[in-house]
Amino acid sequence: MPDTPNSNDRSLPSGLASYDAIVVGGGPAGAAAATVLAKHGRRVVVLEKDRFPRYHVGESLIPHCWYPLERLGMNERIAERAFTKKFSVQFVGTSGKVSQPFYFDEHEDHPSSQTWQVLRSELDQMLLDNARACGAVVHEETKANEFIRDGDAVVGVVAERSNGEKLELRAPVTIDCSGRDSFAMLQNRWRVSDPRLNKIAIWAYYRGAKRDPGKDEGATTIAYLPEKNWFWYLPLQDDLVSVGVVADQDYLYDEGRDPATVFAREVKKNPWVADHLAAGERITLPGTDNELLVTREWSYRSKHFASDGLVLAGDAFGFLDPVFSSGVFLALKGGELAADAAHDALTAGDLSAGRFTGYATQMGRGIEAMKRLVYTFYDQAFSMRSFLMRYPDRKRDVTDVLIGNVFKSFHDLYGAFDEFAKLPEGAGME
């Protein structure tokens, strides 16, 4: 085992090394997949291009993260940290008026109903260290460059260390958890963008910004702007707040593209956001190179979920939108389920793409539920208040999606949504 949390495990010689499974990426999906496989007794190696801890956006955990984290043995360890406790999601109108929060414990009496706002640099480090402790070999600063193939089947990965050393690793199955790097998608030309969710985000971190009192201190706040654009507001530890504006490009850049000017203009448009940020000081968070950060065109999916010897999980499988904080949950759950599917395939001696159909079907069902709620949220004709006034019995379904209880049938909810908003076809995974 390593002398320090950041050191590479078990020096890997140049040339060829064999494992049961290769995991590309050490984020939440990769750490979950590696941990589950190691607990199954599999020899697994993780290739992570960065050195942890490293910065990552996406700080809000939804309640059903509790279940994969419990399986990984992480909930008690996370609870011991100084992460901000999160009990609810609340919505703020363009006037600055706050809606009645969705309190998770009113919906479900379970330990998962209290979750956290986290610094991803710390959480991701904890998850990767846990994979090491469970027996996974982890190589940081080691970038996967290309697949090794036997005919059409993936049988390994060619990687390169930061010092230029080339590695060849062989395994019957590779799990791509490379996140937005989309290793398999780009190698195989599988990436499909979603033009209907072609948003831009500009975000920053403030110290000393206002927090709501009591139980609402750690709430995730979604604050509306005109034309269904919005702010996120996430109270983090150490008196930090993550705050970002998400909007269509035509709206956000209609008067220029300077991030500071655009951000300041949008803050003024929502009185709640302006009031909460007034006392705060914008800072440059360690691991970032600017006070204001920008990303765009983040919504995409893979045309395929697997091929022979290869399966995709987490953001390497697809990413929807940050509005309901589903990314870490889908990464953890996807990593867990992909690892179980890989273990079963290894046991059966059959690593063909068809072995992963059950995994893809289950994940596709969950992604579909999230996707429909996201599309409905952005529909100009949709109002959650009006929807729940007409269909109060569907509030439980809506809350189930918000907390991540998405692996079930939502037939009645979808039917009700159809009366209010034009929804897309299915998740589209093949």
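Colleague: Which residue does Arg211 form a salt bridge with, and how far apart are the closest N and O atoms?

Modeller: A salt bridge here is a side-chain nitrogen of Lys or Arg within 4 Å of a carboxyl oxygen of Asp or Glu. Arg211 forms one with Glu217, and the closest N and O atoms are 3.8 Å apart. This is a predicted model, where local features need pLDDT of at least 70 and side-chain atom pairs count only at pLDDT 80 or more, while totals for chains, interfaces and linings use all residues. Residues are numbered from 1 along each chain as its sequence is written, and side-chain values use heavy atoms, with hydrogens and water left out.

Colleague: Is Glu217 buried, exposed or partly exposed?

Modeller: Buried means under 20% relative accessible area, exposed over 50%, and partly exposed in between (1.4 Å probe, protein chains only). Glu217 has a relative accessible area of 37%, so it is partly exposed.

Colleague: How many salt bridges does the whole structure hold?

Modeller: The search finds 29. Take Arg265 and Glu255, whose side chains meet at 3.7 Å, N to O. That pair links distant parts of the chain, ten residues apart: Arg265 sits in helix α8 (residues 259–267), Glu255 in the loop between α7 (249–252) and α8. Arg265 is buried at 16% relative accessible area, whereas Glu255 is exposed at 65%. Both belong to a network of salt bridges that also links Asp254, Glu266 and Lys269.

Colleague: Which residue pairs with Lys408 in a salt bridge?

Modeller: Asp400, with the closest N and O atoms 2.5 Å apart. Lys408 is partly exposed at 29% relative accessibility. Asp400 is buried at 2%.

Colleague: Now the sheet. What is the strand order?

Modeller: Strands (E, at least two residues) and helices (H or I, at least four) are DSSP runs, numbered from the N terminus. Two strands pair if DSSP finds at least two bridges between them. Here six strands form an open sheet in the order β8-β3-β2-β12-β22-β21, with mixed pairing. The edge strands, β8 (137–139) and β21 (306–307), each pair on one side only.

Colleague: In what sense do β2 and β3 pair?

Modeller: Parallel, over four bridges, between β2 (residues 21–24) and β3 (residues 44–47). Ile22 has Val45 as its bridge partner in β3. Val24 has Leu47.

Colleague: Which way do the side chains of β3 point?

Modeller: In a regular strand, side chains alternate between the two faces of the sheet. In β3, Val44 and Val46 point one way, and Val45 and Leu47 point the other way. All four are buried.

Colleague: Which strands does helix α1 lie across?

Modeller: Helix α1 (residues 28–39) lies across β2, β3 and β12 (173–176), at about 165° to β2. Such angles run from 0 to 180 degrees between N-to-C directions, with axes fitted to C-alpha atoms, for helices over the stretch in contact (heavy atoms within 4.5 Å). Helix α10 (residues 327–348) also packs on the sheet, touching β12 and β22 (310–312). Its direction makes about 170° with that of β12.

Colleague: How many residues of helix α11 are buried?

Modeller: 17 of the 22, so α11 is largely enclosed by the rest of the structure.

Colleague: And which residues of α14 are buried?

Modeller: Leu413, Tyr414, Ala416 and Phe417, in a helix of residues 411–418. Seen down the axis of α14, the buried residues fall within an arc of 160°, so they line one face. The arc is taken from directions running from the helix axis to the C-beta atoms. These buried residues pack against α11, α12 (384–390) and α13 (395–403).
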